[in-house]
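Here are some notes to read with the model open beside you.

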Amino acid sequence: MSSVATVFTDLELPDHTGRVRTLSELAGGDPLALFFSRGWWCPKEQRFLRGMVALQDEFEVAYSRLVVVSIDTPEVQSAFRAGLGARFTFLSDSGRRYLDELGLRETTDTVHHPYRPAAFTLYPDLRVHRAYNGYWYWGRPTTEEIRQDMRAITSAIRPDWELD
Amino acid sequence: MLDSGLRVRPDPHCIRGEPVPGAFAHVSVGEPIPYDSPEIQQARRDVLAWWIGLLGETLICVTTLALDSVHCVGAITVATDASRFADDPFARSFPAVVVQSDLFCRVVPPPGPVVERYSGVAWPGGRFDG
């Protein structure tokens, strides 16, 4: 996905259990917060995802989805996910299938060739509401910004949002 | 329909596709408990957190059983291997038995983290846009 694209690529990757999933299937008609993460070893990713685990308690009752993509294998993701206490989906791009297509190849790690941290808040049809460059940690969305994005998307797609 | 005469609703995806022959179903059924009760909420969280992963490729489908718009009367997990059924999160709340069945279909498990139901459909089925 280029920086000007308005609809996100419908990624097709194995999840943390090894089942192949598409992004549109995971959205399932709900707003989606999508995060690209370097991998389990990065302290910044560990910190950021602990924040998302805290936020999942709101997502679980708010008809919204959370998905993390990294280059970790499904087995590693499954262990990392369990350690975090996450109940959302991790997608494994251990083959680096979408790294260059999305323009998200990390430039400063020439060993792991991971994703550059990035976040996207998406409509159920994968239109991009907002994009965040997380290369610098402070560039990542705060939990409050994610709440505001989910509110904006939800208000646009749920016909009974407004009081009569 | 249960032996008690109660009509219950599973996620319809579990019975509308191509059935998997010779599967094992862990059927947990008991007295109605509100879906909003902490124990049923936590069972759904546990399904998302580790039950699906624990069953791995053996999992065929999982569904709760809805009695009405409020109550859950149990759940069914279907797999090709029954050896893990003792850990079924819903068996904490409902008595469970293992039966062999040719009725159930393979359904992609829920991705999480949503544990709320969609318009009263038995979790994890349903979505708002059809």
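**Notes on the two chains**

1. Let me start with A:H113, which counts as exposed because it has 11 C-beta neighbours inside 10 Å. The cut-offs are these: a residue is buried if 20 or more other C-beta atoms lie within 10 Å of its own, exposed if 12 or fewer, and partly exposed in between, with C-beta atoms placed from the backbone. A:H113 lies in the loop between β5 and β6 of chain A, and has a positive phi of about 50° although it is not a glycine.

2. A word on the ground rules. This is a predicted model, in which local features need pLDDT of at least 70, side-chain atom pairs count only at pLDDT 80 or more, and totals for chains, interfaces and linings use all residues. Residues are numbered from 1 along each chain as its sequence is written, while chains are lettered from A and ligands numbered from 1 in the order in which they are written. Helices (H or I, at least four residues) and strands (E, at least two) are DSSP runs, numbered from the N terminus.

3. On confidence, the model scores ipTM 0.88 and pTM 0.92. Chain B averages a pLDDT of 93, and 96% of its residues score at least 70; pLDDT is the predictor's confidence in each residue, from 0 to 100. Where pLDDT is low, the predicted coordinates should not be read in detail.

4. A:R96 is found in the loop between β5 (89-92) and β6 (118-122) of chain A, and its phi is positive, about 55°, although it is not a glycine. A:R96 is partly exposed, with 13 other C-beta atoms within 10 Å.

5. Further along, β6(A) runs antiparallel to strand β7 (residues 128-133) of chain A, joined by five bridges; two strands pair if DSSP finds at least two bridges between them. A:T121 has A:R130 in β7(A) as its bridge partner. Five residues lie between the two strands of this hairpin, and A:L126 in the turn has a positive phi of about 75°.

6. Now for the helix α2(A). Its 17 residues reach 24 Å from first C-alpha to last, close to the 24 Å expected at 1.5 Å a residue; the expected span is 1.5 Å times one less than the number of residues. Buried in α2(A) are A:E45, A:F48, A:L49, A:M52, A:L55, A:Q56 and A:F59. An α-helix has 3.6 residues a turn, so residues three or four places apart point the same way. The cover over the buried residues of α2(A) includes β3 (32-36), β4, α3 and α4 (143-157) of chain A.

7. Which elements of chain A give two or more residues to the side that touches chain B? The contact takes 18 residues from chain A and 17 residues from chain B, where two residues are in contact if their C-beta atoms, placed from the backbone, lie within 7 Å. The elements in question are α2 (43-59), β4 (65-70) and α3 (74-84) of chain A. The chain A side divides into eight nonpolar, six polar and four charged residues. Here Ala, Val, Leu, Ile, Met, Phe, Trp, Tyr, Cys and Pro count as nonpolar, Asp, Glu, Lys and Arg as charged, and the others, Gly among them, as polar.

8. In chain B, the 18 residues of helix α2 (residues 38-55) should span 26 Å at 1.5 Å a residue, and the end C-alpha atoms are 24 Å apart, which agrees. Do look at B:V47, where α2(B) bends by about 50°; the bend is the angle between axes fitted to the seven residues ending there and the seven starting there. Among the buried residues of α2(B) are B:I40, B:V47, B:L48, B:W51 and B:I52. The buried residues of α2(B) pack against β1 (23-34), β2 (59-66) and β3 (71-79) of chain B. Just after α2(B), B:G56 takes a positive phi of about 55°.

9. As for β2(B), eight of its eight residues are buried. β2(B) pairs with β3(B) in the antiparallel sense over seven bridges, with B:G74 in β3(B) as the bridge partner of B:L65. Four residues join the two strands in a hairpin. B:D68 lies in the loop between β2 and β3 of chain B, and counts as partly exposed, with 13 C-beta neighbours inside 10 Å.

10. Last, please check two cis peptide bonds. One joins B:G112 and B:P113, with omega about 5°, and the other runs from B:W123 to B:P124, with omega near 10°. B:P113 is found in the segment after β4 (96-101) of chain B.
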